[in-house]
Amino acid sequence: MPDYTLYSYFRSSCSARLRIVLNLKGISYDIAPVNLLKDEQLSESHRALNPSASVPLLVSHRPQDDGFKVGQSVAALEFLEEAHPETPILPPAGDAKARAVVRTLVAIVCADTQPVTNLRIMRRVRALGGSAEEWNRELMADGLRAYEAVARHHAGKYSFGDGITMADACLLPAAWNAERFGVDLGAFPVISGIVENLNQHEAVKRAHYFNQPDTPENLRTQ
């Protein structure tokens with residue numbers, strides 16, 4: 001049995017964060033697909049596992065964890081960093097400033113940007129008569145603009161220096177989504193360079209939306 005099961009949807013940016021880090025750390029896991037478009041996340045069986053009625057959900061099968069579950073992506077990333085520190089995704093524990101910068105970048109995506117552009121919000125915007133696509137474009141661009149302003153002072157090959165961090169695992173799916181909704185990443189040169197480097201990494205390729213067990217066949221050719 002693998003160490004973990006990841007309840008995931010192929011196009012969920014929050015799920016992709018965990019896939020990237022699980023791959024990067026070389027942790028064994030399997031995927032339990034949850035189709036958000038069919039509202040499978042709202043089922044009683046899924047709510048029993050994750051009261052937030054969302055993905056991702058990370059379930060540990062390690063004997064020492066006794067079936068431990070994490071139903072929020074950033075908490076799951078922090079858990080994986082502590083449980084599997086061999087390939088770190090945060091700067092060293094003694095560098096409080098560096099760790100704060102990485103966590104700031106994480107929060108720009110995971111607190112400021114993604115929650116207001118997810119499927120639940122898009123449905124609400126449409127119900128109120130608005131354009132969910134325009135809403136997403138504007139708010140995603142705002143988030144990327146803030147990320148760019150912080151990252152430009154710390155980026156190397158990746159968001160913080162030359163090693164992949166938790167920030168990169170959060171940025172990249174956000175960038176994929178932004179491109180999907182028509183945001184020009186060329187307006188963000190620092191982010192564009194980071195994204196180009198990340199997209200070449202094997203752990204990222206395996207985590208991509210179009211390489212998942214639940215990816216529709218018509219998207220696998222892209």
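Modeller: The mean positions of the 23 positive and 26 negative charges of the protein chain are 3 Å apart. Here Lys and Arg count as positive and Asp and Glu as negative, while His and the chain ends are not counted; the place of a charge is NZ of Lys, CZ of Arg, CG of Asp or CD of Glu. This is a predicted model, in which local features need pLDDT of at least 70 and side-chain atom pairs count only at pLDDT 80 or more, whereas totals for chains, interfaces and linings use all residues. Residues are numbered from 1 along each chain as its sequence is written, and side-chain values use heavy atoms, leaving out hydrogens and water.

The accessible surface of the protein chain, computed by the Shrake-Rupley method with a 1.4 Å probe and only the protein chains shown as cover for residues, comes to about 10,600 Å², and 52% of it belongs to carbon and sulfur atoms. Of the 222 residues, 49% count as buried, meaning under 20% relative accessible area (1.4 Å probe, protein chains only).

As for the fold, the protein chain has 10 helices and four strands, where helices (H or I, at least four residues) and strands (E, at least two) are DSSP runs numbered from the N terminus. Their order from the N terminus is β-α-β-α-β-β-α-α-α-α-α-α-α-α. Along its principal axes, the C-alpha trace spans about 50 × 40 × 35 Å.

Technical notes. Buried < 20%, exposed > 50% of the residue type's maximum accessible area, 1.4 Å probe, protein only.
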